[in-house]
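Here are some notes to read with the structure open beside you.

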Amino acid sequence: MTEATYKFSPARADTTARSHASLVFVWGDHVHAVALREGQALVVGRSEPAQVILDERSLSRTHARLSMREGRVSLQDLDSTNGTTINGHAIREAFVTESDSVQLGSVELRVTGLAPAESRAQWVSQADWMGRVEAELARVRTFGRTFAMVAVRTLGGDVHALPLRAVDLACHYAPGITLVLMAEARPPELAAWMEALRQSGGEAKAVGAALAPEHGASAEALLAVALDAARRAKFGGALELAEVCPERRDLAGPVVLSPNMARLYETAARAARTNMPVLVFGETGSGKELVAQAVHRRSPREKGPFKALNCATIPGNLIESVLFGHEKGAFTGADKQTAGVFEQAHGGTVFLDEVGELSEKAQAALLRVLETRRVTRVGSAKEIAVDVRVIVSPRADPPC
């Protein structure tokens, strides 16, 4: 899609009915399109008597019925096995708009060619807007789609006239800040949108944007970087595109494609924003340290040190020295003062794998460090303040 063919129009009521809509079904590497005409109804399924037959096992024999009346498309689930959803919510019957994310089993449905109407006015509540972002993120993970999250700042009052497409969705986030969700948008489309915004006139605006999935894997992460980009943007200047997150630049980090793993790393990102200790369960070799590193990189401590230690590999008589350090002469072979892992990780994160292998005495000392944020070197009575985030992993699986 080029800038020349990328058209915008202000969101307004237009009840003109179209004589037909286009239905595009996407599953795997397959794409199938049909026209739905005014007054017509079509049944979609895996075999006859369905009129639209798609070779996809997640569909029921007669899965859903689509009909069009007065320019509106209605979708009815026909008691299918795997269900029908709109924007992630299971439905029995509902109207579908061009901006909706529709799933028939594992088949994605897109509806295009509808006339803009008041029922599809692109201004929604914050809660509905965030819900739609989550639905778009599901499309990103499942189908490799993309979208842009745009934040618009104004000096006085909210923006009401924006060059929105039929598939765009906007909401008022805070006084003077408006958010726009732009499906399938990349930098060329954003540049065209920015030019249309300039031509719309009005007071000066500062605009920042984030792209999914480059700038974040969760709605909260994308919102944070989009707002940060808008804060850096100049009023009346060019659109400010968010910088790629540090973890996306880290080629040594995990490449996540599985939806389940994507959800795991989204959970890690949410945990990273807190300062609480984290417990990671998983079999040996499942990537627990990678999760710990992801928590560290996505936290405010990312510029601090990350120290990982497998407690099962350290002799029992040396574990406290390794964790908390020792003074010179504290034991045979202690020929110099040495800082422990907690001191070395001051301002950062400590990951303790197989923490259950620590002795009871060492576990009690570790608990005291978590409670007081102070360590005492072996051979010393002086407490040393440490600021660390602790992530631990036991050898055993979690209790059922």
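1. Let's start with Arg377. This is a predicted model, and in it Arg377 is buried, with a relative accessible area of 12%. The cut-off for calling a residue buried is under 20%, so Arg377 falls on the buried side of it. Is Glu343 buried or exposed? Glu343 is buried, at a relative accessible area of 18%.

2. Arg377 has another partner. Its side chain also meets that of Glu327 in a salt bridge, 3.4 Å from N to O. Here the loop between β22 (374–376) and β23 (383–385), which holds Arg377, is tied to the loop between β19 (325–326) and β20 (338–339), which holds Glu327, so parts 50 residues apart in sequence are brought together. Both Arg377 and Glu327 are buried.

3. The side chains of Glu383 and Arg368 meet at 3.0 Å, N to O. This pair links distant parts of the chain, with Glu383 in strand β23 and Arg368 in helix α9 (residues 360–372), 15 residues apart. Glu383 counts as partly exposed, at 34% relative accessibility. Arg368 is partly exposed too, with a relative accessible area of 47%.

4. How many salt bridges does the count come to? The answer is eleven. Have a look as well at Asp228, Arg232 and Glu240, which are linked in a network of salt bridges. As background, side chains of opposite charge can pair when their charged atoms come close.

5. Now for the aromatics. A search of the whole structure turns up one aromatic pair. The ring centres of Phe324 and Phe342 are 5.9 Å apart and the planes are at 35°, so the pair is classed as tilted. Stacked would need planes under 30 degrees apart. Phe324 is in helix α7 (residues 319–324) and Phe342 in helix α8, so to speak two distant parts of the chain linked across 18 residues. Phe324 counts as buried at 3% relative accessibility, and Phe342 is buried with a relative accessible area of 0%.

6. Arg72 lies over the face of Phe95, at 3.8 Å from the ring centre.

7. Where does Trp193 sit? Its place is in helix α2 (residues 187–199), and Trp193 is buried, with a relative accessible area of 0%. The side chain of Trp193 reaches the backbone oxygen of Pro163 at 3.1 Å. Trp193 and Pro163 are 30 residues apart in sequence, yet their C-alpha atoms are 7.0 Å apart in space.

8. Zooming out to the rest of that helix: α2 has 13 residues and spans 18 Å from its first C-alpha to its last, close to the 18 Å expected at 1.5 Å a residue. Its buried residues are Glu189, Leu190, Ala192, Trp193, Met194, Ala196 and Leu197. When you read that list, remember that an α-helix has 3.6 residues a turn, so residues three or four places apart point the same way. What do the buried residues of α2 pack against? They pack against β12 (147–154), β14 (177–183), β15 (205–212) and β16 (240–241).

9. Helix α6 (residues 288–297) is mostly covered, with seven of its ten residues buried. Among the buried ones are Lys288, His296 and Arg297, along with Val291, Ala292, Ala294 and Val295.

10. Last stop, Ser58. This residue is in the loop between β4 (52–53) and β5 (64–69), and at 10% relative accessibility Ser58 counts as buried. A polar contact of 2.9 Å joins the side chains of Ser58 and Glu56. Leaving aside residues up to four places away in sequence, Ser58 touches His63, Asn82, Leu104, Gly105, Ser106 and Val107.

Conventions: Residues are numbered from 1 along each chain as its sequence is written. This is a predicted model: local features need pLDDT of at least 70, side-chain atom pairs count only at pLDDT 80 or more; totals for chains, interfaces and linings use all residues. Side-chain values use heavy atoms; hydrogens and water are left out. Helices (H or I, at least four residues) and strands (E, at least two) are DSSP runs, numbered from the N terminus. Buried means under 20% relative accessible area, exposed over 50%, partly exposed in between (1.4 Å probe, protein chains only). A polar contact is a pair of N or O atoms within 3.5 Å; within protein, one must be able to donate a hydrogen and the other to accept it, and residues adjacent in sequence count only if both atoms are side-chain atoms. The expected span of a helix is 1.5 Å times one less than its number of residues. Contact means heavy atoms within 4.5 Å. A salt bridge is a side-chain nitrogen of Lys or Arg within 4 Å of a carboxyl oxygen of Asp or Glu. Rings of Phe, Tyr and Trp (its six-membered ring) pair if their centres lie within 6.5 Å; planes under 30 degrees apart count as stacked, over 60 as edge-to-face and the rest as tilted. A charge sits over a ring if NZ of Lys or CZ of Arg is within 6 Å of the ring centre and within 35 degrees of the ring normal.
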